[in-house]
Amino acid sequence: MRCEEVRPLLPDLAEGIPREAGEVEVHLATCAACSAELARYRSIILELSALREVLAEPSDGFLARLLSQIPESSWRALVQRVASDERLHFAVFSLGGAVVGGAAIGLLWWRARRGLGAIASGASAASETA
Amino acid sequence: MVSHELLAACRRGDPKAFEEVVRRTHKHVYTQALRLVGDRQDAEDVAQEAYLRVFRGLAGFREEAQFETWLYRIVANTAMSYLRRRQRFGAVLADPEEEEVSLQRASEERVDQQAVDRDSLVKALAALPISLRTVVVLKDVYGLTCLEIGRELGTTEGAVKVRLHRARKRLKGMLFASEEGRDEV
């Protein structure tokens with residue numbers, strides 16, 4: 001292979017993804033200019049990955065502004081969690097069903113007692129008049 | 001950066017835990033946003049919005065991926081949405097070959113051999129057109145795959161690879177111009 005053919009491949013080759021050695025590698029082993037070029041690309045990619053830990057300094061008060069939006073956000077997150085959790089849906093529906101069922105039974109019981117009371121008081125009034 | 005215990009506390013809705021996550025990550029988030037949008041005020045806006053998305057998404061975050069990787073994706077996505085709203089997304093998708101961008105030297109200092117000077121690299125990165133900078137920042141700095149970047153940008157993996165290739169080539173041109181001249185001789 002010639003330099004003109006190898007050069008366009010170098011930016012991707014520099015990433016270091018394992019591949020089978022082929023004609024490019026043979027060329028690189030014998031061409032100082034192309035191997036120097038590859039080393040430059042590698043050096044750029046290496047330094048770019050190191051930039052992840054090179055941090056810019058935000059303006060004064062930035063952290064405070066971020067923190068001030070947390071309470072609202074955390075509550076919203078909690079509400080959304082409840083809204084999206086299927087197990088919680090099931091629990092809420094079950095609890096709701098139990099409450100409605102209990103209330104219905106209580107109401108029937110109360111009406112039944114009231115009815116019995118009315119019958120009893122009607123009977124005692126009738127016996128008094130007799 | 002952020003432990004499993006801290007994330008679990010966040011999921012329970014503990015505001016103190018959220019606060020701790022923000023304290024530990026805000027400079028990383030701000031820096032990534034700055035590298036993507038290129039402006040300090042815009043980067044702060046992007047960071048604020050990104051944290052809102054983080055809080056909303058934390059309940060669904062299952063820790064299959066690293067928290068940091070997940071965070072980088074959110075910041076990338078927020079930055080792209082921000083640029084889209086600011087109608088600067090066209091520049092992100094523009095073909096850099098058609099742009100009139102001067103290959104300005106990031107630094108006039110002579111860089112010896114293959115070593116890259118960090119300050120020069122930061123300047124060279126900032127000098128790249130946004131369409132190239134976005135791709136190289138997400139791939140080579142933050143480790144997203146070309147496929148993931150394509151999804152964020154709404155383009156194909158192949159198109160991302162082409163841009164990445166051009167971006168690296170342009171960076172090399174800015175950083176090693178003097179050495180290239182020497183090699184040609």
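A residue is taken as buried if 20 or more other C-beta atoms lie within 10 Å of its own. In this predicted model, buried residues make up 41% of the 185 residues in chain B. The secondary structure of chain B comprises 10 helices and 0 strands. From the N terminus on, its elements therefore read α-α-α-α-α-α-α-α-α-α. Among contacts in chain B with a separation of 6 or more, 63% join residues 24 or more positions apart.

Chain B touches chain A. The contact draws 39 residues from chain B and 34 residues from chain A. On the chain B side, five elements each supply at least two residues: helix H2 (15-37), helix H3 (40-57), helix H6 (118-127), helix H7 (130-141) and helix H9 (157-175). H2(B) gives the most, with 11 residues. By class, the side of chain B that touches chain A holds 20 nonpolar, 7 polar and 12 charged residues.

H6(B) is one of the helices that supply this side. Its buried residues are B:Ser120, B:Leu121, B:Ala124 and B:Leu125. Seen down the axis of H6(B), these residues fall within an arc of 135°, so they line one face of the helix. B:Asp119 and B:Ala126 lie on the other side of H6(B) and are exposed. The buried residues of H6(B) have partners in both chains. In chain B they pack against H2, H7 and H9. In chain A they pack against helix H4 (32-50). H2, H7 and H9 of chain B also supply residues to the side that touches chain A.

Two of these partners, H7(B) and H9(B), also pack against each other. Two packed helices are described by the angle between their axes and the distance between the axes. For H7(B) and H9(B), the angle is about 95° and the axes are 8 Å apart. Angles of 65 to 115 degrees count as roughly perpendicular, and H7(B) is therefore roughly perpendicular to H9(B). H7(B) contributes B:Ser131, B:Leu132, B:Val135, B:Val136 and B:Lys139 to the contact. H9(B) contributes B:Val160, B:Arg163, B:Leu164, B:Arg166, B:Ala167, B:Arg168 and B:Arg170. By class, the contact of H7(B) with H9(B) has 6 nonpolar, 1 polar and 5 charged residues.

Terms used
Residues numbered from 1 in each chain as written. Chains lettered and ligands numbered in written order. Predicted model: local features only at pLDDT ≥ 70, side-chain atom pairs only at ≥ 80, totals over all residues. Contact = placed C-beta atoms within 7 Å. Helix = DSSP H or I, 4+ residues; strand = E, 2+ residues; numbered from the N terminus. Nonpolar A, V, L, I, M, F, W, Y, C, P; charged D, E, K, R; others polar. Buried ≥ 20, exposed ≤ 12 C-beta atoms within 10 Å, placed from the backbone. Arc of directions from axis to C-beta. Axes fitted to C-alpha atoms, helices over the stretch in contact; angles between N-to-C directions. Parallel < 35°, antiparallel > 145°, perpendicular 65-115°, else oblique.
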